[in-house]
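Please open the structure in the viewer and follow the stops below in order. Each stop names what to select and then describes what is found there.

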Amino acid sequence: MSTHITVPPQQLLERILTLEIVRVTERAAVSAARLRGHGQEKAADQAAVDAMRRELNKMPIDGTIVIGEGERDEAPMLYIGEKVGINAGPKVDIAVDPLEGTTLCAKDMPGSIATMAMADGGTLLHAPDVYMDKIAIGPGYAKNVIDIDASPEENIKRLAKAKGVPVSAITALVLERPRHEALIAAIRSTGAALRLIPDGDVAGVIHTTDPAKSGIDIYLGIGGAPEGVLAAAALRCIGGQMQTRLILDTDEKRERALKMGVTDPKMIYGIEDMAKGDCLFAATGVTDGALLSGVKFRGDVIETETIVMRSVTGTVRIIKGEHRQLEKFHLD
């Protein structure tokens with residue numbers, strides 16, 4: 001005798017969406033991966049954007065892009081305010097970075113990913129495309145170990161004490177940019193180790209959640225605000241601490257932020273200020289990296305690797321895909 005289990009419609013939908021967002025990042029990653037190493041940053045980004053938009057518009061959601069592609073780099077956009085989905089189903093906020101690490105992809109360097117987050121409508125921070133100061137560590141520490149207003153030296157000493165190790169056992173991750181010269185010097189003055197990356201600060205923040213695997217204990221520095229919200233969505237699912245502040249250093253930026261609801265330009269944002277409620281996060285590797293393996297083209301099979309997380313359950317899944325309907329990836 002068979003047993004029929006009835007799943008509540010909302011729970012069923014949530015499970016469907018968890019798998020559907022994987023398809024979104026998979027398609028974006030595969031489209032971008034076809035241009036790996038070709039030196040065409042904008043073309044690779046456009047390919048990822050187009051694939052992500054197509055997949056989002058198939059989903060059973062009433063979705064709004066609240067974090068989109070960057071105006072700063074004149075990139076092709078899934079623009080802020082764009083409606084996606086079939087206009088049926090739950091109202092959701094969506095944050096996207098169809099190709100994080102465009103330069104990494106263009107040069108076929110490690111760490112490029114396609115990523116997105118989805119949350120209940122009205123629960124993701126509507127951040128303008130400006131820079132954001134960030135500091136993040138992984139889970140397992142008492143509250144307020146880090147403080148964005150403290151010096152890098154102080155934060156590293158606090159973390160070492162909380163971890164029960166000498167400062168020399170701490171490794172900090174920083175984007176390699178001229179603006180970080182003083183930050184880099186400050187970190188090195190403590191005796192801590194430093195890892196510099198050319199791009200990819202969403203993955204950089206996620207690395208802090210598993211120092212045993214990644215070797216990274218703390219992320220520091222200035223990167224894009226959209227990437228900050230995406231990283232916060234990931235930490236909302238798997239734990240950790242993060243503090244950020246928008247860098248609104250011109251009247252034009254402050255006006256743009258005000259139009260998006262940012263009334264306090266000096267506000268410090270924690271994880272739950274940037275990503276509230278039920279939140280899903282997914283990322284698919286484009287190039288091989290410490291977080292994910294990149295897309296592999298093997299004859300008549302395309303292989304992908306995706307991490308997908310959900311905040312309500314704290315579930316983290318690594319999904320390895322083998323795609324055989326290759327015409328879908330060419331023609332959709």
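Begin with Asp278 and Arg310, whose side chains make a polar contact at 2.7 Å. The model on display is a predicted one. Asp278 sits in the loop that runs between helix H10 (271-274) and strand S11 (279-285). Its relative accessibility is 14%, under the 20% limit, and Asp278 therefore counts as buried.

Next, select strand S11 together with strand S4. The two pair in the antiparallel sense over 7 bridges. Within this pairing, Met118 stands opposite Leu280 in S11.

Remain with strand S4, which covers residues 113-120. Because 7 of its 8 residues are buried, S4 is largely enclosed by the rest of the structure.

One point to inspect is Val92, whose bridge partner in S4 is Asp120.

Is Glu100 buried or exposed? At 2% relative accessibility, Glu100 counts as buried. Beyond its neighbours within four places in sequence, Glu100 is in contact with residues including Gly111, Ser112, Ile113, Gly200, Asp201 and Glu227.

Finally, turn to the record. An unreviewed UniProt entry lists Glu100 under "binding site", together with residues including Tyr131, Pro178, Gly200 and Asp201. Select Pro178, which lies in the loop between strand S6 (171-175) and helix H5 (181-190). Pro178 has a relative accessible area of 66%, over the 50% limit, and is therefore exposed.

Technical notes:
Residues numbered from 1 in each chain as written. Predicted model: local features only at pLDDT ≥ 70, side-chain atom pairs only at ≥ 80, totals over all residues. Heavy atoms only, no water. UniProt positions renumbered as here; feature names shortened; annotations may be inferred. Buried < 20%, exposed > 50% of the residue type's maximum accessible area, 1.4 Å probe, protein only. Contact = heavy atoms within 4.5 Å. Helix = DSSP H or I, 4+ residues; strand = E, 2+ residues; numbered from the N terminus. Polar contact = N/O pair within 3.5 Å; in protein donor to acceptor, adjacent residues only side chain to side chain. Pairing = 2+ DSSP bridges.
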